[in-house]
Amino acid sequence: MKLNKYKYAIVINLNKLIEKNIRKSWQIIDSKLGINFISSRSNSPHITLVSNLNFKKIIIKKVNSFLSNKIKPFNIYSNGLGVFFSDSPVVYLRWNINFELLKLKNNLEKIFNTKQKNYSGLNWIPKSTIAYKNFDEKDLSKILLLIKKINFKKKMEVKSISVISYHEKYGEKKIYEFNF
């Protein structure tokens, strides 16, 4: 992504309790380890459905039209913490995929033509990122020890999505929220 260009994403907003628990984990790992790349750039933890979009006005118009098809709130369930191992590891809250969640994601991908060839929605890992970028593998056990007492296994009603802007340098900002 060019540093001078904002991109847009469509995300699921988290409910108050789960958002509070993720913010608590952000605060703990920042104060104890100085790990804050995500917490300093995201105004709200979320689950990304579609990303790398352009043209904010068109996105809002298309999402509004899509939601007018009577999307109803549905439940999803968190499934504890997960880790992606790479040059820059990711610690995240995992979410179970269910029919309604996959249908929402697939419909948004279809609207924005973002579905990749040879892609199955089952390859997608719905997640809410807790730590990313300014740490390495040696910090993983410290992070997990610090946040292990936070109860991340929760049921959540999905009743809204948002369009956010994001920029590598300046972070994320909620642009518009759609309730259903």
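Which element gives the largest share of the lining of the second largest pocket? The largest share, three residues, comes from β8. The structure is a predicted model, in which local features need pLDDT of at least 70 and side-chain atom pairs count only at pLDDT 80 or more, while totals for chains, interfaces and linings use all residues. Residues are numbered from 1 along each chain as its sequence is written, and side-chain values use heavy atoms, with hydrogens and water left out.

A pocket is defined on a 1 Å grid over the protein atoms alone as an open set of points where a 1.4 Å probe fits, with protein on both sides within 12 Å along at least five of seven lines; lining residues have an atom within 4 Å of a point. The second largest pocket holds about 220 Å³ of space, a volume being the space filled by probe spheres set on the points, which are joined across faces, edges and corners. Helices (H or I, at least four residues) and strands (E, at least two) are DSSP runs, numbered from the N terminus. The lining has 14 residues, and N13, L14, N15, K159 and S160 lie nearest the centre of the pocket. By class, three lining residues are nonpolar, five polar and six charged. Nonpolar covers Ala, Val, Leu, Ile, Met, Phe, Trp, Tyr, Cys and Pro, charged covers Asp, Glu, Lys and Arg, and the others, Gly among them, are polar.

Strand β4 (residues 90–95) is largely enclosed by the rest of the structure, because five of its six residues are buried. Buried means under 20% relative accessible area, exposed over 50%, and partly exposed in between (1.4 Å probe, protein chains only). β4 pairs in the antiparallel sense with β3 (residues 74–84) over five bridges; strands pair if DSSP finds at least two bridges between them. β3 and β4 form a hairpin with five residues between them, and S78 has W95 as its bridge partner in β4. β4 also pairs in the antiparallel sense with β5 (residues 127–132), over five bridges, where R94 has K127 as its bridge partner.

The whole structure contains six salt bridges, each a side-chain nitrogen of Lys or Arg within 4 Å of a carboxyl oxygen of Asp or Glu. In one of them, the closest N and O atoms of K105 and E109 are 2.9 Å apart. These two residues are four residues apart in helix α3 (residues 99–112), so about one helical turn separates K105 from E109. Both K105 and E109 are buried. Another salt bridge joins K138 and D136 (3.4 Å, N to O); K138 is exposed at 57% relative accessible area, whereas D136 is partly exposed at 32%.
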